[in-house]
Amino acid sequence: MTTASAAPAPTAFLKGHGTENDFVIVPDPDNALDLPAPVVARLCDRRAGIGGDGLLHVVRSAAHPDARTMAGAAEWFMDYRNADGSVAEMCGNGVRVFARYLQHAGLVSEGELDIATRGGVKRVHLDKNGDVTVSMGRAVLPEGDVTVSVGDRSWPARNVNMGNPHAVAFVKDLTHAGSLFTPPPFSPATAYPQGVNVEFVVDRGPRHVAMRVHERGAAETRSCGTGACAVAVAAARRDGADPTVTGVPVTYTVDVLGGRLMITERPDGTVEMTGPAVIVAEGHIEPSWLAEIENPAA
């Protein structure tokens with residue numbers, strides 16, 4: 001008599017968003033799951049999967065080779081993937097949702113915590129009012145002219161790096177950005193050898209802007225946290241407000257399609273982002289469906 005082998009355990013997931021930048025969340029503290037690009041892409045597929053702008057793989061820093069050196073500073077590592085399955089350095093809205101998940105799971109409480117990312121360790125504050133503030137580090141503004149285009153229109157863009165690359169273009173009307181389904185062309189090609197997130201920005205009032213964004217590996221999204229930070233820094237430099245020079249913090253309100261973010265740059269150059277983060281659902285991934293993706297029929 002043989003004993004049937006146990007069926008594979010279903011994989012838990014959650015769904016969350018920050019200003020409607022939405023994510024599939026996969027808790028995996030011991031880094032036991034294999035998440036190759038095709039699996040991530042299918043999970044993020046809005047018709048054939050769960051749907052999301054990206055995937056947050058929740059792993060203890062000590063268990064992941066990309067984060068072990070940060071384990072002494074941050075217990076948890078945000079192993080972030082774009083919707084196409086590619087690995088990304090950082091995601092500002094993702095960090096807020098990641099922190100909200102840790103709170104939702106009872107792993108952290110209100111107050112301060114550090115989260116490891118491929119863009120470094122980020123300090124997060126879980127506010128009592130439900131907002132999450134993330135210290136995004138300092139912006140880097142590489143020198144050199146950059147141009148982005150949509151159709152027959154072209155604009156100069158500010159090159160801003162927030163742990164991931166951004167090209168920020170100020171336009172007269174957000175409709176000029178087009179559909180943003182495909183990546184807007186940029187030049188020179190050497191400016192962004194790994195691709196770039198492109199933000200199109202209009203003014204709404206004093207220190208108040210609105211943006212649309214094409215996120216690298218995800219097309220247009222409802223929000224981009226690092227993009228909002230890059231936009232605020234670019235707007236401050238355009239407006240002659242550099243806190244590292246004036247010694248005075250500067251705050252910009254940044255409207256995204258999915259809501260509003262508040263971005264503050266401090267005199268030491270640190271950029272802080274404040275906004276909501278919501279867990280909306282949780283469930284399990286059907287093992288047989290997952291196996292079909294991992295082992296497609298020949």
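Let's start inside the fold, at strand E4: Trp76, Met78, Tyr80 and Asn82 point one way from E4, Phe77, Asp79 and Arg81 point the other way, and all are buried. Buried here means under 20% relative accessible area with a 1.4 Å probe, counting protein chains only. Strands (E, at least two residues) and helices (H or I, at least four) are DSSP runs numbered from the N terminus. E4 covers residues 76–82, and since seven of its seven residues are buried, the strand is largely enclosed by the rest of the structure.

A word on the model: it is predicted, so local features need pLDDT of at least 70 and side-chain atom pairs pLDDT 80 or more, while totals for chains, interfaces and linings use all residues. Residues are numbered from 1 along each chain as its sequence is written, and side-chain values use heavy atoms, leaving out hydrogens and water.

Who sits beside E4? Strand E3 (residues 54–60) pairs with E4 in the antiparallel sense over seven bridges, with His57 opposite Asp79. Strand E5 (residues 111–117) pairs with E4 in the parallel sense over two bridges, and there Ala116 is the bridge partner of Phe77. Pairing calls for at least two DSSP bridges between two strands.

Now step back to the whole protein chain, which has five helices and 18 strands. Its radius of gyration is 20 Å, close to the 19 Å that the globule rule gives for 298 residues, so the chain is as compact as a globular protein of that length. That radius is taken over C-alpha atoms, and the rule is 2.2 Å times the number of residues to the power 0.38. Of the 298 residues, 50% count as buried.
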